[in-house]
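Please look over the sequence and the model shown here before reading on. The briefing that follows takes up helix packing, a sheet and some backbone features in turn.

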Amino acid sequence: MTNTLLTLEGVSLVLPDGKPLFSHINAQFDARHTGMVGRNGVGKSQLARILAGRVMPTSGTCYGSEKVRYLAQHLSPENYHTVAMLAGVDAPLAALARIEAGSTCQADFDLVADNWDIRQRLQIQLAAAGLDYLSPETATHRLSGGEAMRVALSGAMLSQPDFLILDEPTNHLDSTSREALMQQLACWPQGLLVISHDRRLLQQMERIVELSSLGLHSYGGNYDIYQQIKARETAAAMQQLEHLKTERKRQEQALRDKRERLEKRQSRGSRLGKEANQANILLGRQKARSEVSAGKQEKQVAESQIRLNQQVQNAAKNIEHSPRIVMHDHSIFSGTHQVARLSEITLPFAPAPYDTLDLTVYGGQRIGIRGPNGCGKSTLLRILAGQLSPVLGTCDIRGKIAYLDQQLSLLDPQQNVLTQLLKVNTQAGESRLRMQLAQLGLDATHVSLPCGQLSGGEQLKAALATVIYASPPASCLLLDEPSNHLDLVSLQALEQLLNQYSGTLLVVSHDDVFLSQIGLTHGLVAGKNGWELMLV
């Protein structure tokens, strides 16, 4: 039996505005590598911070190992001047340098403690992470996002915690950095909790826990096993709900039949009493007894209906609803016409050999663009969108192209999506556009909110709506890392939407699973010899 390292008992958290985030969480975390999933806004990061001792719960307790290391989602490398600072070992390294220079200050010896080989151990950790070209003095402004995360993780491992907590560690990492990170984590011998929507990373976990409105539910096994168990649970819950609804209808019909029989008996008894010429006092007693009996029946009917309704409501609560997503794009032309021709262009800002490119894009192609960070992927999309000009070469862009950058800057955060959609489509009418937005998962509440108040997944749907439901619609979509910051439900909804889109598609992504799910026809890859277009 694996020893428990962290325990949550009755943990609840209420936000400053009085909104309960989660309630009565009971869970144990041991040395098994665990992935945490759940919708955005459900409280995953806050729960992780409670486990790390960074936040106190409103009620309940968290106890266990005191040696817990937590790496937040946003590292902000600019706040750390050197690799040593980012790894969290700058203080003992500086003290060691002062001692080596002749310091006899007790404070320096206290800072070093037993870490006399801290520099050597840091270099070993960096080398294990594929970062042997860095030194403790390397300035962090020179690091990519992937390098910064791996340096921070190396420092966390160097501190030898009993339990390591990582919040979305693969966001913005290229494929090489993701692979190196996963190899680092695979070798980690202690407890690990990873909050992530990266399905490849979740696949190497030993356990998945899901935080939802129903609480924290543990699934033994990796992501595939979680999906299988979750699907069975959902199917069973749906079956139970349908069974209870059918039973409610059956009992309601039986109760109606019973009421009708009672009313007929009362009517017949009254008629027979009159025909038998009974005394009024006897008729009154019979009527009173009948009314008492009818009252009991009505009470039983009401209690039974309340009980059945409550059972249906309880069964419905066990199901997290994910409405079917529908996209209307019948007016998008998806023929094999030429959409763009880039003739021997030189990309600005891109290093060799990625600075030159010759590319023709045809209607209906679905191209996944992959390569290391800094190779020019986003620059290429901006050139196709007409936002940048190449240093050399010519660009022939045809048709209507829409570019959704990582910040979704085409959306006005102060205006709601319906207002913005009405500006680009004056023909469809508000009712039809509302219906189409609802079928994208943006109901009446969401379409009236300023876009800046929507979740990441909702903003992405809103941005897609403004280009697909414009008049005329975009016949070519350029998407730059659209899966970043999306929870798994939103990610799967995005995959569903893109599979319904019949226009031309170019997508930059480091998420291999996401790219495999959206029906690519080609891959444009930045390899060691430059850009190469290949069939998928």
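Two strands pair if DSSP finds at least two bridges between them, and helices (H or I, at least four residues) and strands (E, at least two) are DSSP runs numbered from the N terminus. This is a predicted model, in which local features need pLDDT of at least 70 and side-chain atom pairs count only at pLDDT 80 or more, whereas totals for chains, interfaces and linings use all residues. Residues are numbered from 1 along each chain as its sequence is written, and side-chain values use heavy atoms, with hydrogens and water left out.

**The sheet and its helix**

- Strand E10 (residues 338-346) is joined to E13 by 5 bridges, and the two strands run antiparallel; Arg341 has Asp396 in E13 as its bridge partner.
- The open sheet has 3 strands in the order E11-E10-E13, with antiparallel pairing.
- Strand E11 (356-362) and strand E13 (392-397) stand at the edges with a single partner strand each, so one side of each is left without a neighbour in the sheet.
- Neighbouring strands of this sheet are turned by 5 degrees against each other on average, direction ignored.
- Helix H11 (residues 377-384) lies across E10, E11 and E13 and runs at about 125 degrees to E10, where axes are lines fitted to C-alpha atoms, for helices over the stretch in contact, and angles run from 0 to 180 degrees between N-to-C directions.

**Packing of H15 and H16**

- Helix H15 (residues 456-468) packs with helix H16 (residues 488-500) at an angle of about 15 degrees, their axes being 10 Å apart.
- H15 and H16 are therefore roughly parallel to each other (angles under 35 degrees count as roughly parallel).
- Gly457, Leu460, Lys461 and Leu464 in H15 meet Ser490, Ala493, Leu494 and Leu497 in H16, contact meaning heavy atoms within 4.5 Å.
- By class, the contact of H15 with H16 has 5 nonpolar, 2 polar and 1 charged residues (Ala, Val, Leu, Ile, Met, Phe, Trp, Tyr, Cys and Pro count as nonpolar, Asp, Glu, Lys and Arg as charged, and the others, Gly among them, as polar).

**Backbone features in loops**

- The peptide bond from Ala352 to Pro353 is cis, with omega near 5 degrees, and Pro353 lies in the loop between E10 and E11.
- Ala113, in the loop between helix H4 (106-112) and helix H5 (118-128), has a positive phi near 50 degrees, and at 38% relative accessibility Ala113 counts as partly exposed (between 20% and 50% relative accessible area, with a 1.4 Å probe and protein chains only).

Technical notes:
Angles under 35 degrees count as roughly parallel, over 145 as roughly antiparallel, 65 to 115 as roughly perpendicular and the rest as oblique.
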